[in-house]
Amino acid sequence: MKHLRLSPRWAPYALLAPFLLLFLVFGLFPLAFSLYLSFQSWEPTSGLAAMHYVGLDNFAFALRDEWFWKSLANTGWLALASGLPQHLVAIPLASFLHLGFKRWRNAVVGAYFLPYITSSVAIAILFSSLFSTDYGLINLLLALLREVPLLGALLPAQAVDWLNDPDALKPAISMIVFWRYVGFNVVLYLAALQTIPPDLYEAATMDGAGRLQQFFHITLPSIRPMIFFGVTLSVIGGLQLFEEPFILTGGKGGSDQAGMTAAVYLYRNAFDFNDFGAASAMSWLLFLVVALLTWLTNRAFRPRAR
Amino acid sequence: MAPWAAYCLVGLGTLIMLAPFYFMFVFATHSRSEIFSLPPPMWFGDDLANNLAILTKRLPFWRNLGWSLYVGIASTLLTLLFCSMGGYAFAMFEFRFKKALFALVMGTMLLPSFMNMIPSFMIMDLLGWIDQPRALYIPGAASAFGIFLMRQFVGSAIPRELVEAARMDGCSELGIYARIVLPLLKPALGTLGLITFIASWNNFIGPLVVMRSPDMYTLPLALRSLQSPVDTEWGALMAGSAIATLPLIVLFVLCSKQLISGLTVGAVK
């Protein structure tokens, strides 16, 4: 049996082999294949042999395609409208939970985090009933709030047609995305806050700094790396938004394509319009956008050179 | 801002976070016409059995639930096995191209999920895996996140000396993995297992692309197929959604700490 034993020299290769095999076949090969495909014209119904090289045609097609630009704009709008409020709410919320909650903290954090782990399809289906125009709970709630003085004036005067009005669809999607991910960010910021030494706050209190001053001069600078990380995750996540708009618009993108994100448009190009080449080209263009935006957030939050 | 006002806001926020779940379960017990009436139901009704009957008439619902469970369990077991082996190799051994390989694996974690949608459909088509559950759980086992989590944990929880000592005593390499590393990895395996199962349970894009016949649908796909522009059976749809959501809520209540720390581990480290 001795000669069958793995030597420590070969052991890592043997241990990694199953993972690497799958990683190559299902992780790396698809990427290379999709790059290859983006230079081909191909209709899946006519078999693999019907593929032929078309150079940059797919990319040119994508860049001239009105719906591609529209889907990019939709995606950007949604990423901003759902991403920014997440952080604007999660940062103060986390710092308040950090200072003001002891016994109930885990329960409260758990409640905020729960949407993150539940099925986005089930959630989107539920929300499509909550957003229904005549009987949906959200419109009923708005109707109640409209009776409140001052606040009522800010609200829309009629029941909102959330799912069919192109102007209302995007806010509806953003609300779901915000609801789903805000708790995740709260947890990130809580973890960052726990690394700030308490004596910093004590010293600041002794020097007469108020709570707000402490927030802006101690808390915010200390969690800056986490803000970078959280915003990067929101950018990457927001730009691949698929399930919520897909379910809310029945897989079509909504009236006037208002809910058609880039990922939904990719899917439609491939599986509704059978244009796999154009869809692959678009996925690479979109990838460039994601990479560029990640790089920009990286630059914006990098510690400044002194 | 006065502290009490802040407490009220946090409380209100907690309600907003939980309310949709409450209404999902309430609606699951009402008929379509009750859900869409004024005022809508605020408390549980008695139409659950009826909704389930519609659900099982329109869909092979229990079969769909079974596929979700089967794919979830298979994908969890495979991921745990392959990622613990790989993570251990990355953490404890020196070999050629280790750094570059690890960077490559981690790099794919940042890739947007839509990049894989089209080519993985084509690969599954070529392999003849369309409508096969293995098209869902085998690719999932090459999890970059799993490798990351396992390597992190091996590095922090398993002393190098222990592995060396076992090697000196004549334990084989696979024996070290199976008898020393795996038992010590239990907490991390639990976390990764939970996360993998939940991700597989919720997976929508994967089955959307490869599952064609309703008999092979997993839950999210089955639920979405009930949606139609004209006569959606909302009560049944809510009952199905509630069934898809309930196991996750139970898992979360039981292991919220483990889940939260596991899902944010990349950020905290």
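Biologist: Among contacts in chain B between residues at least 6 apart in sequence, what share joins residues at least 24 apart?
Modeller: That share is 75% in chain B, where two residues are in contact if their C-beta atoms, placed from the backbone, lie within 7 Å. Keep in mind that this is a predicted model, in which local features need pLDDT of at least 70 and side-chain atom pairs count only at pLDDT 80 or more, while totals for chains, interfaces and linings use all residues. Residues are numbered from 1 along each chain as its sequence is written, and chains are lettered from A and ligands numbered from 1 in the order in which they are written.

Biologist: Switching to the contact between them, how many residues does each chain give?
Modeller: The contact takes 65 residues from chain A and 71 residues from chain B.

Biologist: Which helix gives the largest share on the chain A side?
Modeller: Helix α1 of chain A, residues 11–37, supplies 16 residues, the largest share of the side that touches chain B.

Biologist: How far does each C-alpha trace span along its principal axes?
Modeller: The trace of chain A spans about 75 × 70 × 45 Å, and that of chain B about 75 × 60 × 30 Å.

Key
Helices (H or I, at least four residues) and strands (E, at least two) are DSSP runs, numbered from the N terminus.
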